[in-house]
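Subject: Structure handover

Hi,

Here is the structure I promised to pass on to you. Please open it alongside this email, and I will go through what turned up.

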Amino acid sequence: AVACDDLEENMETLRHFKQSQSLRVAAADVTGVLHIMKVSDYLTWIAEVILHYAVEIAWNDMTTRYGQPRAQDGTTGKKGFAIIGFGKMGGIELGYSSDLDMVFVFANEYAGQSTDGEKTVDNQQFYSKLSLRIMHILQTKTPSGLLYEADMRLRPNGNSGLITTHLNAFRTYELDKAWTWEHQALVRARMVAGDTDLLNGFQQIRHEVLGKDRDTAKLKQEVREMRSKMRQSLAKSKPGFFDIKQDFGGLADIEFMVQFMVLNYAHQHAGLMTFTDNIRILDAVEKEQLLPQSTVNDLRDSYRAYRDRLHQLSLQEVSGIVPEQEFSEQREKIQEYWVGLMGAE
């Protein structure tokens, strides 16, 4: 038990919790007790627990200073705030050293209102301060290190946008202004902490955006172009070696193919939008018979093999670059499937 107003002690306690729990997962991983999917499940659940308590700590701090935010009907008592996880966090695929890709949102009924404290602030400012406090809890280096690096670049308008936005503004941005790569990111987005009352609203927005009827040729071109830019800027291999994540035929190519399948077919096959992790999306692709079963099997097997190796390398604190012969068979198949599905490298 730690006093709710002792910020530093709470931050240290969260760090000790993460370290002890992650060590237990690592021990089960290296001894073969947990397979790759369960390792990521546990690492993701650890992060979710920490985010839940980070929200509680930050909320107690902010409401002590400014009171609680009022809704448009004048009521208080609910947070009206949620964290949306993207990337590996949203896809339930965290690794040992993963960043947290997040977007902070608040409920529409709190827009344009203010808090009820003696020192009142408008709710937009309150939620922005709350979000910054959460970031402080996660990223500040204490004697026990930091909890997580947090990446907020997927919020509306990126680094130039508000750190927190209400759901209607988020919806408007996603429907009217977001790029295709931002819709790709939404494939792996889910609510990970905060007020569960926002869950249905976010899910409706996600389904509305992902379920749009898109021009297939244009979508392929935009996905290919983004993948090419990503590979050129992030791939770190050299001749004779293979960057498991970024090289052609690697992990990111599988992820991009999965995202293309969702964006291209979800308007006709709503089951593609049910889950946010790549394996279960591939299961849905198989169920809807959108790709040959042999292709889906190869994509799933290669994805698991790549992730398993990346987890091993992360535990050794080395980069995800291996001799090119290590995954030559998987790499060749993924390259073939990419060209067949997307049309070109």
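Predicted model: local features only at pLDDT ≥ 70, side-chain atom pairs only at ≥ 80, totals over all residues.

Helices (H or I, at least four residues) and strands (E, at least two) are DSSP runs, numbered from the N terminus.

Most residues other than glycine have a negative phi. Ile92 is not a glycine, yet its phi is positive, at about 55°. Is Ile92 buried or exposed? Its relative accessible area is 16%, and because buried means under 20%, Ile92 counts as buried. Glu317 also has a positive phi without being a glycine, here about 60°. You will find Glu317 in the loop between H11 and strand E7 (321-323). With a relative accessible area of 74%, Glu317 is exposed. One more to look at is Gln289, which follows H10 and has a positive phi near 60°.

Now to the interior. In soluble globular proteins, nonpolar side chains tend to be buried together. In this model the largest nonpolar core has 105 residues, and Leu51, Ile83, Phe86, Met102, Phe104, Ile134 and Leu138 have the most contacts inside it. Helix H2 (residues 36-66) supplies the largest share of this core, with 15 residues. Which residues does Leu51 touch, leaving aside its neighbours within four places in sequence? They are Ile83, Met89, Leu100, Met102, Leu138, Val192 and Ala193.

On the pairing side, E1 runs antiparallel to strand E2 (residues 100-106), with 6 bridges between them, and Phe81 has Phe106 as its bridge partner in E2. E1 also runs antiparallel to strand E5 (residues 190-194), joined by 4 bridges. There, Ile84 has Met191 as its bridge partner.

Helix H10 (residues 278-287) has buried residues too: Asn278, Ile279, Ile281, Leu282, Ala284 and Val285. These buried residues of H10 pack against H2, H9 and H11.

The largest pocket holds about 1,500 Å³ of space. Its lining has 38 residues, and Lys88, Met230, Leu234, Lys245 and Gln246 are the closest to its centre. Helices H3 (87-90), H6 (180-186), H8 (216-234), H9 (251-265) and H11 (293-315) each supply at least two lining residues, and H11 gives the most, with 6. By class, the lining of the largest pocket has 14 nonpolar, 12 polar and 12 charged residues.

The second largest pocket has about 420 Å³ of space. Of the 19 residues that line it, Trp179, Thr180, Trp181, Lys218 and Glu222 lie nearest its centre. Helix H5 (167-176), H6 and H8 are the elements that give two or more residues to this lining. Which element gives the most? That is H8, with 6 residues. The lining of the second largest pocket has 7 nonpolar, 3 polar and 9 charged residues.

Happy to go through any of this together.

Best wishes

Terms used
Residues numbered from 1 in each chain as written. Heavy atoms only, no water. Core = buried A, V, L, I, M, F, W, Y, C linked by side-chain atoms within 4.5 Å. Buried < 20%, exposed > 50% of the residue type's maximum accessible area, 1.4 Å probe, protein only. Contact = heavy atoms within 4.5 Å. Pairing = 2+ DSSP bridges. 1 Å grid on protein atoms, 1.4 Å probe; cavity = no way out; pocket = protein on both sides within 12 Å on 5 of 7 lines; lining within 4 Å. Points joined across faces, edges and corners; volume = space filled by probe spheres on them. Nonpolar A, V, L, I, M, F, W, Y, C, P; charged D, E, K, R; others polar.
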